[in-house]
Structure formats: C-alpha cells, structure tokens
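Subject: Structure handover

Hi,

Here is the structure I promised to pass on. Please open it next to this email and follow along.

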Amino acid sequence: MAPKQVNSFPSVPLKDELDIVIPTIRSLDFLEVWRPFFEPYHLIIVQDGDPTKVIKVPDGFDYDLYNRNDINRILGPKASCISFKDGGCRCFGFLVSKKKYIYTVDDDCFVAKDPNGKDINTVEQHLLNLKTPSTPFFFNTLYDPYREGADFVRGYPFSLREGVPTAVSHGLWLNIPDYDAPTQLVKPLERNTRYVDAVMTIPKGAFYPMCAMNLAFDRELIGPAMYFGLMGDGQPISRYDDMLAGWCSKLICDHLNLGVKTGLPYLWHSKASNPFVNLKKEYKGLFWQEEIIPFFQTLTLPKECDTAAKCYVELAKLIKEKLNHIDPYIVRLADAMITWIDAWEDFNPPAEAVPAVANAKKDAVPPKKSK
Ligand SMILES: O=c1ccn([C@@H]2O[C@H](COP(=O)(O)OP(=O)(O)O[C@H]3OC[C@H](O)[C@H](O)[C@H]3O)[C@@H](O)[C@H]2O)c(=O)[nH]1
Ligand SMILES: [Mn+2]
C-alpha cells in the first residue's frame, strides 16, 4: 500500500513545467489582475479574428503571440484544422508549447476570492490537482483523499488507494456560469455565488461538459486529445470546441486509466456573451449531442491503442464511420482530427520517431513576438 501523498501547494512557480494559453479576439487588459500569478509563466497568446488588429500585451509578461497569419505560416495546409473566429483556436497554443502542463483561461476571467477573502491562485491549484492522483474506479465520499485534512473513508479498497495519474484539471467559475444559450435566455440574471470547497475525480465511464474557461491538463498524457475541433467561421457549429475535446479526452482517459478532476480552483467570469448570438452558434450542438454523447458512452477503444494519439486516430475513424449520417460536417471534423494529430506529431514526435527528422520539424516554428 503506497504511502498517502499529503499535498501542499507548489512553493515556487513551476515556470519550466507549465505554459498559459489564452485565446483572444478582444483585449488582454485582464492580465493586469493576474500578474502576481501569471507573470512568472510563459504565455502563449492565440489572437483570433483580424490578424492586422494589434492586441497589446501588458509590459512585463514573457509571451509568444500567434495570429492567423502565423498559424497559416507555421502549419501550412494543416492550419485548416485550427478554428477561425472561435475560442477553439486556442488548441494551436497546446500544439506549439513544449511544456508538460498547459493552463488555458479566457480573457474575460478574473481572480476570484475564496470564502476567507484570499485571492485564488488558479495555477497553483491546477498544478496541485494534476500532480496528485485521481480515483476514477471507486468514489471517495470525502472527495479528494490526497488533500490536507482528508483521507480515504472506511470501506475504500486499499488496492485502489494509489490512484491513477491525473490528466485533466477542470476549474469552475463564480459570477457568470457557463450556461448554454437556452439556459442563459431563461435565466439572464442568474449568477453563481456558490463556492464549493471540493475537488472530485469524475468517475470512469461518466462524461462531463468540459469548459475551457479555467482548464489545465498534462500535455504528455492527454495533449493529442485536446483538439478543439472545427468551429466558428465557415462551420455549422461553434461553442462546442471544448465539449468535443471533453468527450474525446474523457473517453481516452478512461481507456488509458488516467484521471479527470473537477472543482477547485474557481475564477471570476465577468462577461455574459449574447445569448441570441450563442443560440445561433451552438443550436446544432444542442440536438446533435443527444446522439453523439451516447456514441461516446457506448464506445470501447481497442487495447492496441496505448497512447492518446493512437486512441485519437482510432476515435476519428469511428466518428467518421458511425456519425457521418448526422451531417456532412462530421466527415470534415473527423478528417480535421487526423490533420490535428499529424500536426501534433510534427511538433511532438512520437518516441520512436527518427530524431534527425523530428528535430528539423520541431525547429521550424519561429514565434511571432516574445519579450
Ligand atoms: O470568435 C471568438 C470568440 C471568442 N474568443 C475567445 O474565446 C474566449 C471565450 O470567449 P467568450 O468569453 O466570449 O465565450 P463565453 O460565451 O464566455 O463561453 C466560452 O466559455 C468556455 C469556452 O471558452 C468557450 O469558448 C465558450 O463557450 C475568450 O478568451 C475570447 O476572447 C475567440 O478567440 N474567438
Ligand atoms: Mn466568457
């Protein structure tokens, strides 16, 4: 029986282990409030929309900024898999990062306070979540057993107390909740004021609506599955970027015995996007998901799929084969999933890749700007 890990916050910023990826089509002024927590880290800013628009990065941050011209230049024809005019463009940042962990956050999210009035360092809490095991096979009713002041409760099998590696840490939001358009329309004034002091592993076999507003993950374990789909301009759907990545990554985490956690940390989500615009963007997803989610719930991947990338390629094939009747778009999406993996492996060669070729490809990515 492994000694239980009692976790504490990482004492110093782990800047060599984590990049912060921010999609933006607006402004980066929000970084000012995050400065104490974000300044030590490298930012990867993915500028969406008009590439001629100059988006100012507040002084003092170490960053690379990529606009659509950069994405096209760097990926060439493979840029077709990166969404335009949808927050899903952020996955380009996941692709070019070289760090083990990614934290991605939206530009209308701010520092929240915990019930004691203390500013919440979301990066620290996500790193803690990712560096401590998950318990997907048997639910611990006292929530995160690795947390200070908690443990496995009576009856929890000792054979399962080591847990599994954590691949995804899904944070939450105070103030504007991540509601879909119909819910936003009927509850325009609803605000989330409930701070739940808990981190939970999402049990194996259960899916969840992954929101990318306050999300962290282990690139090495699950990076290839964090593709945010073909959304936005020229596509019949938007605002399902993170949902697709959530379904795919959870299926693959379950298959590879990796964990997904949700709960702390919280941030403050400030902007309610227009529910009528959102309804137009997401309405196909509202009914497509009623068929897509059962597809994921009943899917079993072959045991030969022993890496996230191999699982993802197999999943793309199955989506193309089993879901193409929903809409011709699904075929394009499945093809784009394969293009994504090709691009991923250009930047992150699989272990068995020939080093000479791999290095040549890896070095082909001059960042647009950095300080
Ligand atoms: O065309 C676009 C639109 C937005 N962005 C950037 O994406 C981030 C989210 O944008 P926004 O705050 O307007 O989205 P929400 O209505 O709050 O909902 C999101 O919440 C979770 C996910 O992030 C998902 O994308 C949405 O459902 C923000 O940083 C925008 O600047 C963009 O790059 N391109
Ligand atoms: Mn928002």
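Two residues are in contact if their C-beta atoms, placed from the backbone, lie within 7 Å. Keep that in mind for the packing below. Note also that this is a predicted model.

**Helix α2**

Start with α2, which spans residues 68-75. Which of its residues are buried? They are Arg-68, Asp-70, Ile-71, Ile-74 and Leu-75. These residues cover an arc of only 160° around the axis, so they sit on the same side of α2. What do the buried residues of α2 pack against? Their partners are β3 (62-66), α3 (91-96) and α10 (328-347). Look just past the helix too.

**Ligand 1**

Now move to ligand 1. There are 22 residues around it. Pro-23, Asp-48, Gly-87, Asp-106 and Ser-273 come nearest. Two elements, β1 (18-24) and α7 (241-255), each give two or more residues to this shell. By type, the shell around ligand 1 holds 12 charged, 6 nonpolar and 4 polar residues.

**Leu-14**

Last stop: Leu-14, in the segment before β1. Why does Leu-14 count as partly exposed? It has 17 other C-beta atoms within 10 Å. A buried residue needs 20 or more, and an exposed one has 12 or fewer, so 17 puts Leu-14 in between.

Best wishes

Definitions and conventions: Residues are numbered from 1 along each chain as its sequence is written. Chains are lettered from A and ligands numbered from 1 in the order in which they are written. This is a predicted model: local features need pLDDT of at least 70, side-chain atom pairs count only at pLDDT 80 or more; totals for chains, interfaces and linings use all residues. Helices (H or I, at least four residues) and strands (E, at least two) are DSSP runs, numbered from the N terminus. The arc is that of the directions from the helix axis to the C-beta atoms. A residue is near a molecule or strand if its C-beta atom, placed from the backbone, lies within 6 Å of it. Ala, Val, Leu, Ile, Met, Phe, Trp, Tyr, Cys and Pro count as nonpolar, Asp, Glu, Lys and Arg as charged, and the others, Gly among them, as polar.
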